[in-house]
Amino acid sequence: MNILDTIVERKRAEVAERKQLKALDMIKADPFYTRKTISLVEGLSKPNASGIIAEFKRKSPSKGVINDRVDPVEVTQAYQASGASAVSILTDSYFFGGDDQDVVQARQVLEIPILRKEFIIDEYQVHEAKALGADLILLIAACLTKEEVVRFSTVARSLGLEVLLELHDEDELGHVCETIDLVGINNRSLKTFDVNIARSLRMAGQLPKDKLKVAESGIDDPAQVKLFRENGYSAFLIGENFMKTNDPGIALHEFRNQIELLG
């Protein structure tokens, strides 16, 4: 069993337990459930948008602990101040050291969209994302059927959430549907955790022209962002490159400056 299978197996058990602890009606009663969400799609259309989705991530199965000494509110506020178009917050606890409250706390101070980065395998988690204060969700094609992608994204849309569909190879292109807002290509395989940025470049021309493209993972060089833009990408999800530093916000600021120098 590969890493993704292991994560999904544990997530199914975790979600089953969460359903027992908090009924859907209780989730719908949470304060953030009725808030108006912030559109990343609209934000990316602004002339000076950086396109960077800066990620808050404490650890990962492949790297172990990346940075567990920083506060999610401080880091995400610094990301916002440094020009991030959105922030991504990992909420998986066991494998990534995340916490739902990281999203809740960040939502109280941020004015940019929040992506709840989670392994969604149940409609229940879509409602959770809305109640936590997220503005968009991640759906991973590698662990979902085409029918599940349609169902979960339809529910998300009904709640005002935007949807980022993550692909890893050409076999998953069939998962793209009308209710998806953005399509991301993950340069990191969730089965082996190997990184290959050529994957995003190779698949760029095969993605639907009416969907915004997002390059995900393994981005650590401003020149890569320039190359992705030249290949039609509007957004770039970057986490480890910032989180591994003592000050992720400053790291983002410097990264953006280097991008601008490249023209």
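Is Tyr 124 buried or exposed? Tyr 124 is buried, with a relative accessible area of 7%, where buried stands for under 20% relative accessible area, exposed for over 50% and partly exposed for what lies in between, using a 1.4 Å probe and protein chains only. The model is a predicted one, in which local features need pLDDT of at least 70 and side-chain atom pairs count only at pLDDT 80 or more, while totals for chains, interfaces and linings use all residues. Residues are numbered from 1 along each chain as its sequence is written, and side-chain values use heavy atoms, with hydrogens and water left out.

Tyr 124 has its place in helix α6 (residues 123–132); helices (H or I, at least four residues) and strands (E, at least two) are DSSP runs, numbered from the N terminus. Not counting residues up to four places away in sequence, Tyr 124 touches Val 15, Arg 18, Lys 19, Lys 22, Leu 24 and Ile 27, a contact being heavy atoms within 4.5 Å. For one of these, Arg 18, the C-alpha atom is separated by 9.3 Å from that of Tyr 124, although the two residues are 106 residues apart along the chain.

Strand β7 (residues 162–167) and β8 run parallel and are joined by 4 bridges, and two strands are taken to pair if DSSP finds at least two bridges between them. Within this pairing, Leu 167 has Ile 185 of β8 as its bridge partner. Strand β8 (residues 182–186) has 5 of its 5 residues buried, so it is largely enclosed by the rest of the structure. Leu 182, Gly 184 and Asn 186 point one way from β8, whereas Val 183 and Ile 185 point the other way. Next to this, β8 and β9 pair in the parallel sense over 5 bridges, and the bridge partner of Leu 182 in β9 is Leu 212.

Strand β9 (residues 212–216) is in turn joined to β10 by 3 bridges, and these two strands run parallel, with Leu 237 in β10 as the bridge partner of Glu 216. β10 is also joined to β1 by 3 bridges, again in the parallel sense, and here the bridge partner of Ile 52 is Phe 236 in β10. Ala 235 and Leu 237 point one way from β10 and Phe 236 and Ile 238 the other way, all of them being buried.

β9, α9 and β10 make a right-handed β-α-β unit; a crossover is called right-handed if, with the strands pointing away from the viewer, the path from the first strand over the helix to the second runs clockwise. In the loop between β9 and α9 lies Ser 217, which has a positive phi of about 70 degrees although it is not a glycine. Ser 217 is buried, with a relative accessible area of 11%.

In α9 itself, Pro 222, Gln 224, Val 225 and Phe 228 are buried. Seen down the axis of α9, these buried residues fall within an arc of 155 degrees, so they line one face of the helix, the arc being that of the directions from the helix axis to the C-beta atoms. The buried residues of α9 pack against α8, β9, β10 and α11. Leu 201, which lies in helix α8 (residues 198–203), is partly exposed, with a relative accessible area of 25%. Apart from residues up to four places away in sequence, Leu 201 touches Leu 227, Phe 228 and Asn 231.

Helix α11 (residues 248–262) has 15 residues and reaches 21 Å from its first C-alpha to its last, close to the 21 Å expected at 1.5 Å a residue, where the expected span is 1.5 Å times one less than the number of residues. In α11, Pro 248, Gly 249, Ala 251, Leu 252, Phe 255 and Ile 259 are buried. They cover an arc of only 155 degrees around the axis, which puts them on the same side of α11. On the other side of α11, Glu 260 and Leu 261 are exposed. What covers the buried residues of α11 includes β1 (52–56), α4 (72–81), α9 (222–230), β10 (235–238) and α10 (240–243). α11 is followed by Gly 263, whose phi is positive, near 75 degrees.
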